[in-house]
Amino acid sequence: MTSLRHTRNVLLAGALTLVSVVAAGCSGGGGGGSSSASDKTTGVTITVALPTAPPPQASLDAFTKSTGITVKWTNLDWDSLQTKIAAAATAKTYFADATDVDWSRVGQLSKLNWFYPMEKYLDTTALASQMPQISSFSPGGHVIGIPYDASFLVTTVNKKLFDQAGITSMPTTLDQYTADLRQIKSKGVVQYPLNIPFAAAEGLSTYWYQTTAAFGGTILDANGKPQFATPDTPGYQAAQWMVDAIKQGLVPPGNINVPDTQAQQTLMAKGTVATTFADYSGNVGSLYNVPASSSVVGQVQYLSTPGVSGAGPNMSNPDGIGIPVKAKYPAAAAKFIEWFTSASNQADFAGANGPDKVMPGYFLPSQLAGVTELTEKGKLIGGQQLSDLLKNSAKPIFAQGAPSWYPEFSKSVYTNLHAAATGSMSVADAIKAIASTANELSS
Amino acid sequence: MPQRRSWGRRLGVLFILLWSLVPLYWALNTSLQTDAQISSKPAHYVPPSPTLHNFHSLLVGSGEIPSTIRRSTINIFVECTAATIITVVLATLAAYAFARMKFRGRTLLFYAVLATMAFPAYTTLIPLYRIMSMFSLVNTYTGIVLVYVSGFLPLATWILHSYMTTLPVAIEEAGQVDGAGRMQVLWRIVLPLAWPGVVSTAIITFLFAWAQFLFPLVLSSDDSTQPLTVAIAALQGRHTVPFGLLSSAGVFAIAVPAVIAVLLNRYIVNGLLSGSVK
């Protein structure tokens, strides 16, 4: 019996020792444990986690030299980063000093009190006049993120294909736009002129929001109640217009399973379709005019949203940067955000002052002054138009910020619209299901 | 009749093969094309002019992407190897104890260990994250390896237990009669006999560890600990998808498990079937 107990102890001790040894030996990387916030703004290293490549090292070095703050940059794809943010917010643990605040998550993140109010560190009121999209990050009266680039939905048209169809003036209303699509198809310029990404994914939801805005409506009211339930509402008409488009052969049938970015890359950038009603701002310069990835260089241009009786609004879908409440160095993170989102740096990152200062994938500043500098220097394709749209017609999708239940709502939107497009349910039933979800979630 | 059944079986096998291999082929096909060729219509079922450009962009040079991929490749090897070694050692000890030693609550304890496999792994994500954070183990090899070990240990213990129970007890008893202690019996008699089972367990554990994404994503903060699977996801742009680069990264990431699976598949099958026939 003694022998048996001894053997057990040996087995246990051996196992624990091994674990301890390997645990000690395997430790790698930086620490990442629990945090206690410090107001230090010099001689510290902050972690910045964003879904984008970092600014040039020289720019970061200059920031470090002027502030004493070293930046450790973590680049993750958007989906993975949102997972990390959700996990950290739920577990209430530190993972970065500054990170992404997406427009669609502000409701959830605000409800979790996961980000510091930015007005604690920056003059957000003054910023608002220069950053039209900051309102997308202000749920409950607090600004929880500063938009670091501008992003909104905008109509793009392949001018060459429109010209080939004999369309000499660009459409300004939805009726003209729809008639032009039919003309392009009937003239045989392209078989399917319109790009709508009908895959059951977020891109379909945002497409519908933008189309609804073009029809003159909104999705939800201030209480989260649906504004699209009856056939006379813009949201309903927008859904009907989108589904009719694919049924009438204006949209490639294969688009049923194509998400937004793929459709832009493989259809719009290849001249297979002539227009995308809800495209990403900046795609002309970053995709359609890049010879390596496009066969329509110089052919695509932005168009003011064709609305019911004139130009409609452009829905904002920007990414912001905020400071999680578990940040180790929130004050230092705020200094970085102030630097990172300054107009001059944004202009540099977008290429206003030479390729050495360009931040990969960055193309449209969130500060109007940055856009103006780029435009004046001729470094932004469609710059004046984008600047005007950003200043005058870019509106938040949800005036009060996205509700905390937005992901569930969006899932209902894209699932049901996808089903309507495939023909497995009617538009009426799809809208009914989406409205029911909104009513349920908001009550 | 047997011939018809044979054709049916062949068709079934062909269908499963196509179902499994076509996506892999498509990834390889895409990885060997330029961006322009990838998005051309109609699609190229065979690379028109095969190029290693994507692999070059991914692996060669001093840019950010090759540097991250190289570092994350080292990370995944370190994490998978460490997790495999620790899991196999602990599982061997545990399996031997459960298979041969008699103590109160043995059966209950064994089934309790097995029952942990029934829990969806993701339900433990947040608690594990909190625990790792509490002990400052987030973004360390230790944290990731410990989580892997905790996740894979029940399965490894089960496989080895199944294997060890098929071994004849008489040989061990003969060893004990000759004066060998428990550890000597385990080391000198049981392990050599159970070696195929140990190898199977190691391979299965390694492959499982290699395929992990969510746990290392949450538990690592930067490229000092991010494994290849997490680093690859970061290649995706905000508004564009680099199909060629992602495909070549995918092909690169599955190369190691594919080689292991092809070369050592008899061990994998052996491990998964151990204990099924006595």
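Tutor: Let us begin with strands and their pairing. Helices (H or I, at least four residues) and strands (E, at least two) are DSSP runs, numbered from the N terminus. Two strands pair if DSSP finds at least two bridges between them. This is a predicted model, in which local features need pLDDT of at least 70, side-chain atom pairs count only at pLDDT 80 or more, and totals for chains, interfaces and linings use all residues. Residues are numbered from 1 along each chain as its sequence is written, while chains are lettered from A and ligands numbered from 1 in the order in which they are written.

Student: In what order do the five strands of the open sheet in chain A lie?

Tutor: Strands of a sheet pair through backbone hydrogen bonds, either parallel or antiparallel. Here the order is S2-S1-S3-S10-S4 in chain A, with mixed pairing.

Student: How many bridges join S1(A) to S2(A)?

Tutor: Seven bridges link S1(A) and S2(A), in the parallel sense; within this pairing, Leu50(A) stands opposite Asn75(A) of S2(A). Strand S1 (residues 44–50) of chain A is also joined to strand S3 (residues 98–102) of chain A, by two bridges, and these strands run parallel. Val48(A) has Ala98(A) as its bridge partner in S3(A).

Student: Why is S1(A) described as largely enclosed?

Tutor: A residue is buried if 20 or more other C-beta atoms lie within 10 Å of its own, exposed if 12 or fewer, and partly exposed in between, with C-beta atoms placed from the backbone. Five of the seven residues of S1(A) are buried, so the strand is largely enclosed by the rest of the structure.

Student: Which residues touch the most other members of the largest nonpolar core?

Tutor: A nonpolar core is a set of buried Ala, Val, Leu, Ile, Met, Phe, Trp, Tyr and Cys residues joined through C-beta atoms within 7 Å. The largest one has 201 residues, and Ala239(A), Ala333(A) and Phe336(A) touch the most other members. Two residues are in contact if their C-beta atoms, placed from the backbone, lie within 7 Å. Apart from neighbours within four places in sequence, Ala333(A) is in contact with Ile46(A), Asp97(A), Ala98(A), Ile323(A) and Ala327(A).

Student: How is chain A divided into domains?

Tutor: Domain bounds come from an automatic or database domain assignment. For chain A they give domain 1 (44–151 + 318–391) and domain 2 (153–316 + 405–442). The C-alpha centres of these two domains of chain A lie 28 Å apart. Contact between them involves 16 residues of domain 1 of chain A and 13 residues of domain 2 of chain A. On the domain 1 side, helix H15 (residues 383–393) of chain A provides the largest share, three residues.

Student: What is the pattern of chain B along the sequence?

Tutor: Chain B reads α-α-α-α-α-α-α-α-α-α-α-α-α, having 13 helices and zero strands. Its C-alpha atoms fill a box of roughly 75 × 65 × 30 Å along the principal axes. Of the 278 residues in chain B, 40% are buried.

Student: At which residue does helix H7 of chain B bend?

Tutor: The bend at a residue is the angle between axes fitted to the seven residues ending there and the seven starting there. Helix H7 (residues 141–164) of chain B bends by about 40 degrees at Phe152(B), and Pro154(B), a proline, follows within four residues. Since 22 of the 24 residues of H7(B) are buried, this helix is largely enclosed by the rest of the structure.

Student: Is Thr205(B) buried or exposed?

Tutor: Thr205(B) counts as buried, with 27 C-beta neighbours inside 10 Å. This residue lies in helix H9 (residues 182–210) of chain B. Beyond its neighbours within four places in sequence, Thr205(B) is in contact with several residues, including Phe152(B) and Ala156(B). By contrast, Val13(B), in helix H1 of chain B, counts as exposed, with 10 C-beta neighbours inside 10 Å.
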